[in-house]
Amino acid sequence: MCPTGALYHDEDGAVMITPEKCIGCKMCAIVCPFGIPEFEALNGVMFKCDLCPDRRAEGRPPACVEACKTGALMFGTIDEVVSQVRKETAEKIIKLKEGTYEEEYNGWDLFRSMYAEIIRINEGESK
């Protein structure tokens with residue numbers, strides 16, 4: 001996808017960019033299903049998060065994931081992330097059935113959130 005080879009996978013499989021090789025063609029942004037690479041207009045090249053390789057080498061998650069207090073950010077393989085989302089959804093359903101679900105909700109909001117999670121899970125499956 002990258003005509004200059006600026007995009008590559010590091011030893012852990014994370015996608016990285018070498019800015020010195022980038023010609024700013026934006027091809028990576030066009031083909032990325034997650035919309036991750038962004039154009040840096042000042043330098044005319046693409047950039048993206050490097051997922052904190054020093055932290056990953058220590059077995060720690062990227063700083064943003066560790067700092068996120070809401071749990072909105074997750075880090076891991078697609079299978080690990082999907083498994084975690086499935087587990088959390090199942091726990092919510094069990095608590096709802098038992099009547100111990102503590103978050104405020106109405107039926108429609110719960111249906112929409114569960115439906116959205118099911119769609120996310122199905123789209124995120126790697127198999």
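The model is predicted: local features need pLDDT of at least 70, side-chain atom pairs count only at pLDDT 80 or more, and totals for chains, interfaces and linings use all residues. Residues are numbered from 1 along each chain as its sequence is written, and side-chain values use heavy atoms, with hydrogens and water left out.

**Fold**
- The protein has five helices and four strands. These are DSSP runs, with helices (H or I) of at least four residues and strands (E) of at least two, numbered from the N terminus.
- Along the sequence, the pattern reads β-β-α-β-β-α-α-α-α.

**Burial and core**
- Of the 127 residues, 21% count as buried (under 20% relative accessible area, 1.4 Å probe, protein chains only).
- The largest nonpolar core has seven residues: Ala-6, Leu-7, Ile-17, Cys-22, Cys-28, Val-45 and Met-46. Such a core is a set of buried Ala, Val, Leu, Ile, Met, Phe, Trp, Tyr and Cys residues joined through side-chain atoms within 4.5 Å.
- Cys-22 touches Thr-4, Ala-6, Val-45 and Met-46, leaving aside residues up to four places away in sequence (contact means heavy atoms within 4.5 Å).

**Largest pocket**
- The largest pocket holds about 1,300 Å³ of space. Its 34 lining residues include Phe-34, Ile-36, Leu-51, Phe-75 and Gly-76, the closest to its centre.
- A pocket is an open set of points on a 1 Å grid over the protein atoms alone, where a 1.4 Å probe fits, with protein on both sides within 12 Å along at least five of seven lines; lining residues have an atom within 4 Å of a point. Volume is the space filled by probe spheres set on the points, which are joined across faces, edges and corners.
- H4 gives the largest share of the lining, four residues.

Definitions and conventions: Buried < 20%, exposed > 50% of the residue type's maximum accessible area, 1.4 Å probe, protein only.
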